Amino acid sequence: MCDNAKKRWLPLEANPDVMNQFVQGLGFPEDAAFHDVYGFDDELLAMVPSPVLAVLLLFPITEESEAARKAEQESNTKEASKVSDKVYFMKQTVGNACGTIGLLHAIGNNLSQIELVEDSFLKKFFKSTSNMTPDERAEFLETDTELEGAHSAAATAGDTAPPDINVSVDLHFVCFVCVHGGLYELDGRKSQPVYHGVSFKDTILKDAVKVIQEFTARNPQSHNFNVIALSKEKAE
């Protein structure tokens with residue numbers, strides 16, 4: 001979802017198989033993959049292949065979540081100095097593109113851990129956008145027909161039929177990454193990355209889950225939450 005979007009894509013399903021096929025077709029290596037996170041207790045978190053590089057959250061947009069977003073925006077300016085300039089962040093101007101933007105945030109903040117295929121789309125994309133501002137990256141994405149086509153193919157490859165492209169979908173993806181010892185929430189609808197405190201590569205999953213539980217607490221009756229982790233080693 002994206003407020004006041006001039007352009008819309010089909011929404012991407014929260015399905016690791018679809019995501020893996022999508023990004024691998026763009027030059028993502030096979031020694032890293034997206035996996036479902038089935039629960040938040042220690043046993044279920046231990047089932048997630050490690051090391052975890054990023055965490056994606058799909059959550060319902062509700063009155064409660066929007067109120068929290070607005071309150072957070074007011075305090076974000078105070079936290080701006082804590083945001084590392086090494087965080088790869090892009091704004092969202094295309095409706096329903098949040099899934100793909102979440103994937104790009106997950107990959108773009110782990111380029112030192114992931115070896116993209118040489119001369120691939122992803123390799124060229126991150127090289128072209130590395131020195132852009134978040135708004136410039138959004139514009140670049142909006143005009144990129146190759147990625148739009150790949151996204152469209154992935155959006156129709158899920159287990160459920162996609163909705164009408166003109167229908168607003170009240171679900172949204174955000175990404176959590178660890179950069180320079182900090183946990184960041186990356187949401188293209190927000191003006192900047194949200195700093196959530198100290199985190200490390202080996203604790204990012206548990207650290208992200210603590211923040212995700214704040215999301216679920218706002219709408220405890222909703223079942224429209226999905227958590228997906230990007231791990232370096234593919235599960236057998």
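**Note on the annotated site and strand 3**

1. His172 is buried, with a relative accessible area of 0%. Buried here means under 20% relative accessible area, with a 1.4 Å probe and protein chains only. His172 belongs to strand 5 (residues 171-179). Strands (E, at least two residues) and helices (H or I, at least four) are DSSP runs, numbered from the N terminus.

2. On provenance: this is a predicted model, in which local features need pLDDT of at least 70, side-chain atom pairs count only at pLDDT 80 or more, and totals for chains, interfaces and linings use all residues. Residues are numbered from 1 along each chain as its sequence is written, and side-chain values use heavy atoms, leaving out hydrogens and water.

3. The unreviewed UniProt entry lists Cys98 and His172 under "active site". The two span 75 residues in sequence, yet no two of their C-alpha atoms are more than 6.3 Å apart, so they gather at one spot. UniProt positions follow the numbering used here, feature names are shortened, and annotations may be inferred rather than shown by experiment.

4. Cys98 lies in helix 4 (residues 98-108). Cys98 is buried, at 6% relative accessible area.

5. Strand 3 (residues 52-60) is mostly covered, with nine of its nine residues buried. Strand 3 runs antiparallel to strand 5, joined by seven bridges. Strand 3 also pairs with strand 8 (residues 226-231), in the antiparallel sense over six bridges. Pairing requires at least two DSSP bridges between two strands.

6. Ala54 is worth a look in the viewer. Its bridge partner in strand 5 is Val177. In strand 8, Ala54 stands opposite Leu230.

Terms used. Buried < 20%, exposed > 50% of the residue type's maximum accessible area, 1.4 Å probe, protein only.
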